[in-house]
Amino acid sequence: MPERSYFDWNATAPLRLEARRAFEEALSLPGNPSSVHAEGRAARRVIESARQEVAALLGAKASDVFFTSSGTEANMLALSPAWEIGADKGPRDRLLMSAVEHISVRSGGRFPKEKITDIPVDAAGRVDLAALAEAVAKSERSLVSLMLANNETGVIQPIVEAAAIVHAAGGLFHVDAVQAAGRIPCEMEALGADLVTLSAHKIGGLKGVGALIRADDDIHLADPLIRGGGQERGLRAGTENVLGIAAFGAAAAAARQLGQAEAARMLALRNRLETGLRAIAPATVIFGAAAERLPNTTLFALEGMKAETAVIAFDLEGIAVSSGAACSSGKVQPSHVLAAMGVSPGLLRGAVRVSLGWETTETEVEALLSAWRKLATALSKGQSGIAA
Ligand code: PLP
């Protein structure tokens, strides 16, 4: 087995050392955080300190952070008609979302299909703000969900402008910041978001933990998904995942301290990567390149390349890349993101995603480029790039 280079950080990131330590420390805590005895209180302290750290990553208050089992669950929780804002108890009557949202948002949460409106994106994958303004003006009770950064292309949405449009029309604004957190600034107030989704495993925590964060305590959900013991101030029942939350807090603290420097390093590597990809095969198309993007993501294709075979060819060279979004079946589905950007079917089937992280090295980028050289040469000869 060749030495492996991991380039699938948007699917999941390795556990940060700080998160591993917090996890290991929490392993020795026997108590239930809801118990009043010393053991229970010790577990509670771990959760509350993690809540502070996750809040700090977004410049939010700890009391506005609600832990969930995943980013998916936080999105599901957010996409409800039953948000109340202060004295306003009326339901949200429709859901607006961009055509390039993560599948957990595309599922529509608890809105029926006929109450959901798609907002188109341009060829670079940016949401069409004029279409958003037009759609949101049709009701004062919309819920709008947009991602801060796209998981496939890394394209960053004009969230500040979108927030102004949504709020001017009386709407409530949810932002899925799962891919953006730790990579670009995500201050809730600066973004203008009312609700934000995070996922622990994208920032170096454990898989299976997420959070929904609200802008202030005026915002209240009348229909939690999971009811029972009243944990997470009634918003998410079930004994808390103390280990996962402890690691999430440590990962959030590390991301806050190191994120900016890591992003600058990743951007330099990503630029080297993209220059190299194009130097080797000048016809390489990099999706979303005309837009502002995350510093760590490149989604690219070459006419005639099939994503499935390209991913296998890279894998055989010791390089882990992906064919776009990771999906539970492991099957490659045509990307709804690229389809919404109007990408031709020929290129759409060939899109390969390379996503970098804080451990990525220059040597690994060079290894990826030499694998790309082999693959691109094989493709130019009409071969698949996988040795028989
Ligand atoms: N939102 C975005 C943009 C994502 O990329 C992902 C995961 O890939 C999720 C939500 C879901 O997060 P989780 O894996 O924690 O369910």
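A polar contact is a pair of N or O atoms within 3.5 Å; within protein, one atom must be able to donate a hydrogen and the other to accept it, and residues adjacent in sequence count only if both atoms are side-chain atoms. Please keep that definition in mind during this talk.

The structure before you is a predicted model, in which local features need pLDDT of at least 70 and side-chain atom pairs count only at pLDDT 80 or more, while totals for chains, interfaces and linings use all residues. Residues are numbered from 1 along each chain as its sequence is written, and side-chain values use heavy atoms, with hydrogens and water left out.

I begin with the whole chain. The protein chain has 12 helices and 14 strands; these are DSSP runs, numbered from the N terminus, with helices (H or I) of at least four residues and strands (E) of at least two. The chain is as compact as a globular protein of 388 residues, because its radius of gyration is 21 Å, close to the 21 Å from the globule rule. That radius is taken over C-alpha atoms, and the rule is 2.2 Å times the number of residues to the power 0.38. Of the 388 residues, 54% are buried, where buried means under 20% relative accessible area with a 1.4 Å probe, counting protein chains only.

I turn now to helix H3. Which residue caps the N-terminal end of H3? Ser70 does, with a side-chain oxygen 3.4 Å from the backbone nitrogen of Thr72. Six of the eight residues of H3 are buried, so the helix is largely enclosed by the rest of the structure. Among the buried ones are Gly71, Glu73 and Leu77.

Helix H3, residues 71-78, also gives the largest share of the shell around the ligand, namely three residues. In total, 14 residues surround the ligand, and the closest are Gly71, Thr72, Asp176, Ser199 and Lys202; to be near, a residue must have a heavy atom within 4 Å.

How do particular residues meet the ligand? A backbone N or O atom of Gly71 is 2.8 Å from a ligand oxygen atom. For Gln179, a polar side-chain atom lies 2.8 Å from an oxygen atom of the ligand, and for Lys202 the corresponding distance, again from a polar side-chain atom to a ligand oxygen, is 2.6 Å. The protein covers 87% of the 390 Å² of accessible area that the ligand has on its own, as computed by the Shrake-Rupley method with a 1.4 Å probe.

Terms used
Buried < 20%, exposed > 50% of the residue type's maximum accessible area, 1.4 Å probe, protein only.
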